[in-house]
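This report covers overall dimensions, the nonpolar core and the surroundings of the ligand.

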Amino acid sequence: HQQGNIYEAIGGEEAVQRLVDAFYKRVAEHPDLTPIFPDDLTETKRKQKQFLTQFFGGPQLYIQEHGHPMLRARHMYFTITPTRRNAWLSCMEEALEEAEIEEPYRSSIFERLTMTANHMMNTPE
Ligand code: HEM
């Protein structure tokens with residue numbers, strides 16, 4: 001499969017929903033992340049599901065509703081240190097496992113998200 005087929009290959013909408021649920025369950029409990037996330041993650045989850053759907057090659061749901069992601073700019077409001085980047089990625093690594101995203105997709109998704117997370121850092125420790 002090519003990258004564009006990842007969305008279908010991992011199981012489409014249901015798989016992305018499992019991943020987002022498993023991820024924000026961890027974010028909501030991670031001491032490095034709770035200070036910058038809202039208490040109610042409903043809207044955050046909805047947007048992330050839209051974003052990941054298109055990131056995996058599915059329908060362009062995020063762009064349709066919010067326009068170009070400009071993720072680095074949208075993250076500038078938040079203090080994102082290397083510690084927070086590591087916390088985000090560890091929540092995601094565990095979520096990929098809980099959501100039973102199969103190899104080789106799991107590793108390739110994690111690799112791409114690691115690059116994106118590196119790009120989101122905007123503050124030294
Ligand atoms: C929004 C933190 C990395 C995608 C947010 C929000 C925070 C945050 C605090 C705002 C939540 C809200 O107010 O609803 C972080 C931290 C990261 C990180 C600490 C660590 C590096 C990433 C990565 C992606 C991503 C790698 C790409 C998959 C998004 C999206 C939104 C978002 C799509 C919603 C943007 C919008 O408001 O439309 N993030 N983020 N983030 N993040 Fe991240």
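The protein has a radius of gyration of 14 Å, which agrees with the value near 14 Å for a compact globule of 125 residues; the radius is taken over C-alpha atoms, and the globule rule is 2.2 Å times the number of residues to the power 0.38. The C-alpha atoms fill a box of roughly 40 × 30 × 25 Å along the principal axes.

The model is predicted: local features need pLDDT of at least 70, side-chain atom pairs count only at pLDDT 80 or more, and totals for chains, interfaces and linings use all residues. Residues are numbered from 1 along each chain as its sequence is written.

The secondary structure comprises seven helices and zero strands (DSSP runs numbered from the N terminus: helices are H or I of at least four residues, strands E of at least two).

The largest nonpolar core holds 22 residues, and Ile10, Leu19, Phe23, Phe56, Ala95, Leu96 and Ile101 touch the most other members. Such a core joins buried Ala, Val, Leu, Ile, Met, Phe, Trp, Tyr and Cys residues through C-beta atoms within 7 Å; a residue is buried if 20 or more other C-beta atoms, placed from the backbone, lie within 10 Å of its own. Helix α2 gives the most to this core.

Around the ligand there are 21 residues, of which Thr44, Phe51, Trp88, Thr116 and Ala117 come nearest (near: C-beta atom, placed from the backbone, within 6 Å).

| Set | Helix giving the most | Contribution |

Methods. Buried ≥ 20, exposed ≤ 12 C-beta atoms within 10 Å, placed from the backbone.
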